[in-house]
Amino acid sequence: MFSTKNLSPRQLAAFTAGILSIPIAIGIFLFTFDWRVGLGSFALVFAGSYALIIFTLEKFIYRKIKLIYKLIYQTKATKKEEVYFKYILPQKSIDEVRADVEAWGERRNKEIEMLQKNEAYRKEFLQNLAHEIKTPIFAIQGYVDTLLGGAMDEEVIRKKFLENTSKNVDRLVNLVNDLDEISRLESGEQLLYKQNFVIQDLIREIYDSLSIKIQEKNIKTTIKKGCEAPITVFADKEKIKQVLINLVENATKYGRPYGTIVASVYKTDDSHVLVEIGDDGIGIEPEHLHRIFERFYRTDTARSRDKGGTGLGLAICKHIIEAHGQSIHARSTPDVGTTIGFSLEARRDNA
């Protein structure tokens, strides 16, 4: 069935002019019985109608459409764009223009949604940052005020308060260092020095370096059976060491006493290696799992702060792995345990 929806303005003008001129030409022919007069009338009315309709469309309707397109693109038109607006745009059908405007509207809605999410995230981040900074500062202020208020003369209290002050200063220093680390990773200032190394050897090194903390909870550390065969990866060894330390420390903090921390290493294909650190601890609720890599996000604020740390460890891990062009993920079940895994590039023979 014939439809005028997809006609260009010129085609629509010709179609409308034809509808107007045919009955007029037929009427004049029936009145004069001269086919030449009828044909001339048709040509004259068709030409006049076509010119008037095109003038109306281009002068009024497409001038408005041109403004709409300029608002959509939000840029000052270049000479090339002016040519487009003058010659190409009038060839578009109304349906094509509508589709362009709808697509623009959809993009704008997505941008607005993203801005709203970013704004909510920014507010939450600033609130968390303020809280993380205020806590040690207020503690330091309290200890100093108490000492200056007269407790300085009592040696036991003085020593205890100074030790607590020192711990809170260390917490502030760690917080600033972690924020600086994330900032440099995001900006690309943190260069990666990649090399080939055996990932299982690095995991064992981390186990040894954290053995005192691990033994305090009588946790057993192991590499999963079947994953002991050396697998070489190509990455920044010191940065991956930082990731593994963070993951093993978290597994120790939130793992159950007399539990187990298991490292797994799999070669997923010729180009990639999957590394996983799993525990059998308290686990993470499903509603929190997708947010654990956000800065300062804590699944249980009070319990997490009691465990220590700045709340930036997993965010740093995420940035380091993404700086390698790889991905990191987590899976967990409450009271069963948590496993965090990340991919790395497999060995490079020419490195």
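I took contact to mean heavy atoms within 4.5 Å. With that set, I opened the model.

**Ground rules.** The model is predicted, so I noted that local features need pLDDT of at least 70, side-chain atom pairs count only at pLDDT 80 or more, and totals for chains, interfaces and linings use all residues. Residues are numbered from 1 along each chain as its sequence is written, and side-chain values use heavy atoms, with hydrogens and water left out.

**Confidence.** I checked pLDDT, the predictor's confidence in each residue, from 0 to 100. The mean is 79, and 78% of residues reach 70 or more. Residues 301-305 fall below 50, and this stretch has eight contacts in the model beyond near neighbours in sequence.

**Overview.** I counted eleven helices and seven strands. These are DSSP runs numbered from the N terminus: helices are H or I with at least four residues, strands are E with at least two. Of the 351 residues, 35% are buried. Buried means under 20% relative accessible area, exposed over 50%, and partly exposed in between (1.4 Å probe, protein chains only). I then looked at contacts between residues at least 6 apart in sequence: 73% of them join residues at least 24 apart. The protein exposes about 21700 Å², and carbon and sulfur atoms supply 58% of that. Accessible areas come from the Shrake-Rupley method with a 1.4 Å probe; for residues, only the protein chains shown count as cover.

**Gln 326.** I found Gln 326 in the loop between α11 (313-323) and β6 (328-333). Gln 326 counts as buried because its relative accessibility is 14%. I set aside neighbours within four places in sequence; Gln 326 then touches His 272, Ile 321, Ser 343, Leu 344 and Glu 345. With Ser 343 there is a polar contact, side chain to side chain, at 3.0 Å. For a polar contact I needed a pair of N or O atoms within 3.5 Å; within protein, one must be able to donate a hydrogen and the other to accept it, and residues adjacent in sequence count only if both atoms are side-chain atoms.

**Salt bridges.** I searched the whole structure and got eight. The test is a side-chain nitrogen of Lys or Arg within 4 Å of a carboxyl oxygen of Asp or Glu.
- Lys 241 and Glu 205 pair at 3.0 Å, N to O. Lys 241 is in helix α8 (residues 237-254) and Glu 205 in helix α6 (residues 199-209), 36 residues apart, so the pair links distant parts of the chain.
- Lys 318 pairs with Glu 322, closest N and O atoms 3.0 Å apart. Both lie in helix α11, four residues apart, about one turn of the helix.
- Arg 291 pairs with Glu 294 at 2.8 Å between the closest N and O atoms.

Helices α1 (9-32) and α2 (35-73) each give two or more residues, and α1 gives the most, with four.

**Positive phi.** I noted Asn 218, not a glycine, with a positive phi of about 55°. Asn 218 sits in the loop between α7 (211-216) and β2 (220-223). Asp 335 also has a positive phi, near 65°. Asp 335 is in the loop between β6 and β7 (337-346) and counts as exposed at 69% relative accessibility.
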